[in-house]
Amino acid sequence: MATSHQASGIQAARLDAAGIAENFSDLHPPFDAHEAAVAADRCYFCFDAPCMTACPTSIDIPQFIREIQAGHPESAAKTILDQNILGGMCARVCPTETLCEEACVREAAEGKPVEIGRLQRYATDRVMEKNEHPFARAEATGKRIAVVGAGPAGLAAAHRLAMLGHDVQVFDAREKPGGLNEFGIAAYKATDDFAQREVDWLLQIGGITMQYGQKLGAQISLDELKEQFDAVFLSIGLAGVNTLRTEGEDLKGVRDAVDFIADLRQADDLTTLPVGRNVVVIGGGMTAVDAAVQSKLLGAENVTIAYRRSREEMGASRFEQDLAASKGVKLMFNVMPVAIHGEGAVSEIELEYTEVSGGKVTGTGERFRLVADQVFKAIGQTLQGQPDAIALEGGKIKVDANGRTSVAGVWAGGDCASGGEDLTVTAVAEGRDAAMDIHSSLMG
Amino acid sequence: MADLTTEFLGIKSPNPFWLASAPPTDKEYNVRRAFEAGWGGVVWKTLGAEGPPVVNVNGPRYGAIWGADRRLLGLNNIELITDRPLQTNLEEITRVKKDYPDRAVIVSIMVPCEEQAWKDILPQVEATGADGIELNFGCPHGMAERGMGSAVGQVPEYIQMVTEWCKKYYSKPVIVKLTPNITDIRHPARAAHAGHADAVSLINTINSITSVDLDNMAPEPTIGGKGTHGGYCGPAVKPIALNMVAEIARDPQTRGLPISAIGGVTTWRDAAEFMAMGAGNVQVCTAAMTYGFKVVQEMISGLSNWMDEKGYTSTQDFIGMAVPNVTDWQYLDLNYVTKARISQDDCIKCGRCYAACEDTSHQAIAMSEDRVFTVKDDECVACNLCVNVCPVEGCITMEEVPAGQIDERTGKVVSGEYANWTTHPNNPSATAAE
Ligand SMILES: Cc1cc2nc3c(=O)[nH]c(=O)nc-3n(C[C@H](O)[C@H](O)[C@H](O)COP(=O)(O)OP(=O)(O)OC[C@H]3O[C@@H](n4cnc5c(N)ncnc54)[C@H](O)[C@@H]3O)c2cc1C
Ligand SMILES: Cc1cc2nc3c(=O)[nH]c(=O)nc-3n(C[C@H](O)[C@H](O)[C@H](O)COP(=O)(O)O)c2cc1C
Ligand code: SF4
Ligand code: SF4
Ligand code: SF4
């Protein structure tokens with residue numbers, strides 16, 4: 001028996017298995033061959049294509065679309081994977097509306113870009129389906145490289161290094177690889193255990209050893225790694241979270257959105273995952289949207305995103321905002337939490353309207369309360385667990401254009417490193433580029 | 001709504017859209033439904049001589065090429081003439097014509113190149129009450145090997161001879177259907193004219209192999225591992241047909257000979273173009289085979305709409321109007337100078353014009369850092385390639401450089417006076433300009 005939407009408190013089974021299955025199906029269902037042909041035919045094969053410039057991994061988009069159009073998606077996949085070894089995941093999770101598809105000339109022309117993301121998925125799926133790995137390792141170099149963190153940045157670096165003939169050892173604090181691909185990305189973006197399947201496929205290159213439960217700062221240290229390996233790549237993401245520093249933050253029912261999402265991603269059966277009846281999510285980024293939408297999809301009755309700045313300043317793209325709205329999430333702008341109320345557990349959240357001037361947010365004094373039995377905090381992740389010896393910049397590991405940190409022999413990339421947006425595709429680009437730099441510095 | 005009634009060889013039909021001799025017109029059932037759908041006339045699927053009918057292959061008989069979204073652009077077939085008994089067809093034709101007196105019914109015929117064969121069949125056809133006959137000298141496959149179809153159509157003397165027989169043994173209009181599988185379409189047209197044909201119709205299908213099955217290493221359509229060339233038709237052949245129609249329309253020897261145009265007619269516009277190029281009406285096969293009989297409705301609404309806009313009250317008003325403007329290359333005005341112009345408001349910055357011009361033409365398009373594309377007047381030869389490759393219709397236009405202005409490429413002032421190759425100083429056989 002499913003628990004109804006109206007049942008108060010944090011409850012599992014608000015929807016039955018069928019409802020859950022429907023809600024968590026693929027956000028962008030895959031193209032079939034004909035749809036792919038039609039979508040591919042729309043590409044103009046632009047000269048010096050703007051979409052390619054907009055892709056952080058610089059995939060040759062007109063080339064791969066032409067390969068689909070000409071009936072050989074396997075070559076298309078190779079074109080994609082040459083630049084972006086996680087092209088399959090990126091096809092699913094990239095905010096294309098702010099990257100390649102925003103730059104597509106057909107977006108400018110008619111507001112309907114070529115569906116690059118879905119075409120990329122079409123091509124990469126063909127190769128993954130056949131479980132073919134179109135890359136081989138170069139002759140062994142005898143060099144050993146440590147990669148810390150098995151998220152997109154670490155995996156991209158490891159693959160590229162292994163391909164170049166190095167031996168790679170990947171350490172991750174968790175018991176599973178994938179980083180936020182496995183623990184963070186919204187479930188409806190990477191269905192059917194795609195993150196793990198992709199890692200398995202990626203590891204077919206050989207030369208990569210995975211070690212789980214190895215946390216930098218606990219089981220392993222940078223000094224040891226530096227001693228044992230020819231180079232170290234840090235890709236530890238952002239393991240910490242910001243706190244609200246608001247009264248009532250410790251009440252039961254108040255939680256970090258990333259933890260809720262990680263639980264959701266790891267749940268074998270989503271009908272067993274509890275969610276509130278009235279959920280309020282604090283924040284304005286992708287994490288806030290994902291927590292809100294997935295709460296709604298689990299069967300929460302009312303879900304509100306409370307963001308302290310305006311819609312224009314929201315980190316989540318307009319597409320993400322519309323997605324949330326279409327699922328029935330209420331978006332509130334220019335409101336900030338001032339207190340969380342409740343006896344033992346949260347029952348209400350008190351918010352204040354804000355004004356933003358000169359980038360600074362101030363309360364207007366006008367306050368109101370929302371009924372809430374669950375509050376998710378999604379106000380940003382922070383760097384945690386980085387070695388002391390390393391210089392930071394803006395709260396992240398300081399790196400140069402090649403990913404080199406302040407410590408010789410140590411590179412970093414992905415969310416933990418300075419520069420670039422915090423996106424899967426950016427992490428892949430940084431991992432790949434750091435790998436190339438490690439290779440050239442080791443091989444002279 | 002303009003009146004589309006068209007008279008061709010004295011045969012009246014409610015519109016100029018006839019179905020060409022092909023599967024759509026192979027039997028009573030089809031033809032009745034075609035008339036109900038609005039077709040102005042039909043040319044019945046080609047009849048053969050009395051006796052056991054031809055047989056078709058029992059494997060696939062069509063091949064095709066497609067454009068975006070699997071839009072059919074070209075169709076190829078290896079079908080023969082009707083494979084039903086002559087008497088059955090004649091009885092059906094008689095019934096249909098009786099029931100549809102206001103529609104054109106033409107009977108297509110292909111019998112051996114012997115006078116007796118024609119003498120035998122023509123009275124039987126005459127007895128059906130059909131409005132005329134069309135001589136199928138076009139079929140490029142199967143029948144040609146038996147000395148019929150394009151085997152006759154490729155020899156002008158045979159065309160003239162058979163046409164003369166038909167005029168002798170048949171009292172109503174005789175249309176000669178021409179094959180495009182020849183070097184110069186004017187020769188068979190002249191032969192038909194000499195044989196006193198009332199009209200020519202063209203084109204029949206073009207010899208073709210649409211594709212090769214790379215697994216079986218055989219042409220498509222493949223029948224038991226083998227394939228053969230077939231006849232090509234559909235939108236892809238329209239430009240070829242249009243030129244052939246124009247050649248006959250402007251040839252001094254055949255000028256005025258009525259033409260029924262065939263080849264790739266798919267929309268009203270194709271029909272209007274053929275008619276402007278001298279055709280009295282058009283025949284359609286592939287469009288109907290692709291979309292069904294209903295396509296004629298768009299042709300009807302489109303043509304009458306356009307005629308209303310232009311103020312034409314009868315198809316007669318515009319037939320042949322474009323013919324005087326078809327000329328030979330040597331008479332084109334070499335002092336007519338244009339330059340490509342890119343509308344920055346319409347440009348979507350795809351860079352295709354740049355790639356095309358830079359890589360394959362005259363390096364006359366400049367691309368700035370921020371992807372602004374402009375034409376270099378001192379390099380542009382006005383070839384029109386950029387216009388054709390630009391995905392935005394109307395974004396690049398050809399603007400005439402007015403007389404008195406300098407053509408920046410040549411540095412010469414545009415004279416505004418007509419001058420062609422025949423008088424050009426570079427032409428060794430130039431005749432001095434008067
Ligand atoms: C909820 C959510 C939704 C998102 N949605 C999208 C999206 O739709 N599209 C998109 O492009 N991006 C999205 N992102 C961002 C994207 O997931 C990240 O930018 C990307 O995963 C960064 O990759 P990374 O390899 O740098 O770090 P991570 O993916 O965070 O991986 C870091 C890895 O390091 C390990 N680790 C951490 N600390 C240590 C340590 N001390 N010792 C050893 N191992 C350690 C972790 O266990 C983890 O496996 C989302 C992020 C979140 C939080
Ligand atoms: C399957 C098929 C069979 C045809 N059979 C005949 C025929 O029996 N007699 C004939 O004169 N033309 C025949 N044609 C040629 C058509 O009448 C027509 O000339 C040609 O298809 C070009 O017109 P379209 O581009 O509108 O199809 C045939 C065409 C096709 C596709
Ligand atoms: S910008 Fe759009 S149309 Fe141009 S190459 Fe990229 S996907 Fe194709
Ligand atoms: S079109 Fe009709 S006859 Fe031809 S193969 Fe298809 S079903 Fe059969
Ligand atoms: S082809 Fe057309 S749209 Fe593309 S850059 Fe050139 S002018 Fe602009």
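These exercises with worked solutions walk through a predicted model.

Local features need pLDDT of at least 70, side-chain atom pairs count only at pLDDT 80 or more, and totals for chains, interfaces and linings use all residues. Residues are numbered from 1 along each chain as its sequence is written, while chains are lettered from A and ligands numbered from 1 in the order in which they are written.

**Exercise 1. Describe chain A as a whole.**

Step 1. Take the elements. Chain A has 17 helices and 17 strands. Both are DSSP runs numbered from the N terminus: helices are H or I with at least four residues, strands are E with at least two.

Step 2. Check the radius of gyration, taken over C-alpha atoms. The globule rule is 2.2 Å times the number of residues to the power 0.38. For 444 residues the rule gives 22 Å, and chain A has 22 Å, so chain A is as compact as a globular protein of that length.

Step 3. Along the principal axes, the C-alpha atoms of chain A fill roughly 65 × 55 × 50 Å.

**Exercise 2. Work out how α4(A) and α5(A) pack.**

Step 1. Find the helices. Helix α4 of chain A covers residues 61-69, and helix α5 of chain A covers residues 73-83.

Step 2. Read the geometry. The angle is about 165°, and the axes are 7 Å apart. Axes are lines fitted to C-alpha atoms, for helices over the stretch in contact; angles run from 0 to 180 degrees between N-to-C directions.

Step 3. Classify the angle. Under 35 degrees is roughly parallel, over 145 roughly antiparallel, 65 to 115 roughly perpendicular, and the rest oblique. Therefore α4(A) and α5(A) are roughly antiparallel to each other.

Step 4. List the contact (C-beta atoms, placed from the backbone, within 7 Å). From α4(A) come A:Gln63, A:Phe64, A:Glu67 and A:Ile68; α5(A) gives A:Pro73, A:Ser75, A:Ala76, A:Thr79 and A:Ile80.

Step 5. Sort the residues. Ala, Val, Leu, Ile, Met, Phe, Trp, Tyr, Cys and Pro count as nonpolar, Asp, Glu, Lys and Arg as charged, and the others, Gly among them, as polar. This contact has 5 nonpolar, 3 polar and 1 charged.

**Exercise 3. Now take α15(A) and α16(A).**

Step 1. α15(A) packs against helix α16 (residues 318-326) of chain A at about 15°, with axes 10 Å apart.

Step 2. That makes α15(A) roughly parallel to α16(A).

Step 3. A:Met286, A:Val289, A:Ala292 and A:Val293 of α15(A) meet A:Glu320, A:Leu323 and A:Ala324 of α16(A).

Step 4. By class, the contact has 6 nonpolar, no polar and 1 charged residues.

Terms used
Two residues are in contact if their C-beta atoms, placed from the backbone, lie within 7 Å.
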